[in-house]
Amino acid sequence: MNCESVTREMSNYIDGDMDAVLRLELEVHLQCCRHCTVVLNQVKMTVELFCDAEPVDLPNDVRSRLYEALKNKLPAKP
Amino acid sequence: MHCATFMSEQNGKGPAGRSAGAASRLAPESPPNALTTTNPHQLPSTVAKEDEHLLVAAAKGGDLSAFNELVRRYERKIFRLTMNITRNREDAEDAMQDAFLKSYSHLKDFAGDSRFYTWLVRIAANEALMRLRKRRPNQFSLDEPIPGENEETIPQDIQDWGPSPEQRYGQSEMHEILSGVIDELEPGFRTVFVLRDVEELSTEETAKIVGISVPAVKSRLLRARLKLREKLNHYFRQGEVH
């Protein structure tokens, strides 16, 4: 496997959506390619940063309008 | 652990006109079945707050305070989702409001075979995408190929990020960075990334919501991840990798 193939398969590798043979080939490449290892780790970190980021609080005006809408529009029974 | 990043360890298949909302801002209607307060934090709930299933069951039976507790629990995440897809505050707010209203109206259709939150995300994503398509009908179509979508490129700008970028930036600064870089993504890439990596929908669910094939979802997710890495590289790099 070369760097191009590793890049192409990187997402599938991160998601565990890859057959065992291809996975092994990719890992063999990673052992000798610093470039692909760094990219892979940074892509993983990128996903983690977005995944772990706490959502910020709703702005007060947005929250007020949300509960006003719920108060005014929700039927008694779903 | 729940992030897509850890799926490899688990060998999982995936990471895991004006609307009612706008109208309510302009002229609130008389409440036919109004809640007694606009602040759900003060509502007494008849069920344990920690148990989503009980809250959903109570809401299905017409317990509005139970539904309000669900709203309170997920309001920030749903607003983040609709903001991430639309990148427009007014549309995001409308989409969020309508998602909550529709989820209550259709609670009887919620079978309980997935988490309530996952079901809510599907509704909110559809509401947000509808507004995105409406606002920019001539600029793009989410289900059409994106220029460069299938290009094979090897990342070139490779520099060390150091041990942990999270330690170098405060929470609000990091939030600004992440918000800024995701804002620069094409909507077709951004939507797939948000649904897959932030909301942890499956590839199949994402394909269905966006209206593209499973291979297209995978392709866009890869491009989105690579583009975001490249953009974050400008903030996090510490030195050349040798």
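The following legends describe close-up views of a predicted model.

**View 1. Secondary structure and extent of chain A.** Chain A contains four helices and zero strands, arranged along the sequence in the pattern α-α-α-α. The C-alpha trace of chain A spans about 60 × 25 × 15 Å along its principal axes. The radius of gyration of chain A is 22 Å, whereas a compact globule of 78 residues would have a value near 12 Å. Of the 78 residues in chain A, 33% are buried.

**View 2. Secondary structure of chain B.** Chain B comprises 11 helices and two strands. Read along the sequence, these elements of chain B follow the order α-α-α-α-α-α-β-α-α-α-α-α-β. Buried residues account for 38% of the 242 residues of chain B.

**View 3. Crossing of helix 9 and helix 11 of chain B.** Helix 9 of chain B covers residues 187-198, and helix 11 of chain B covers residues 214-236. The axes of these two helices come within 8 Å and cross at roughly 95°. Because angles of 65 to 115 degrees count as roughly perpendicular, helix 9 of chain B and helix 11 of chain B are roughly perpendicular to each other.

**View 4. Residues in the contact of helix 9 with helix 11 of chain B.** Helix 9 of chain B contributes B:Gly188, B:Phe189, B:Arg190, B:Val192, B:Phe193 and B:Arg196 to the contact.

Notes
Residues numbered from 1 in each chain as written. Chains lettered and ligands numbered in written order. Predicted model: local features only at pLDDT ≥ 70, side-chain atom pairs only at ≥ 80, totals over all residues. Rg over C-alpha atoms; globule rule 2.2 N^0.38 Å. Buried ≥ 20, exposed ≤ 12 C-beta atoms within 10 Å, placed from the backbone. Axes fitted to C-alpha atoms, helices over the stretch in contact; angles between N-to-C directions. Parallel < 35°, antiparallel > 145°, perpendicular 65-115°, else oblique. Contact = placed C-beta atoms within 7 Å.
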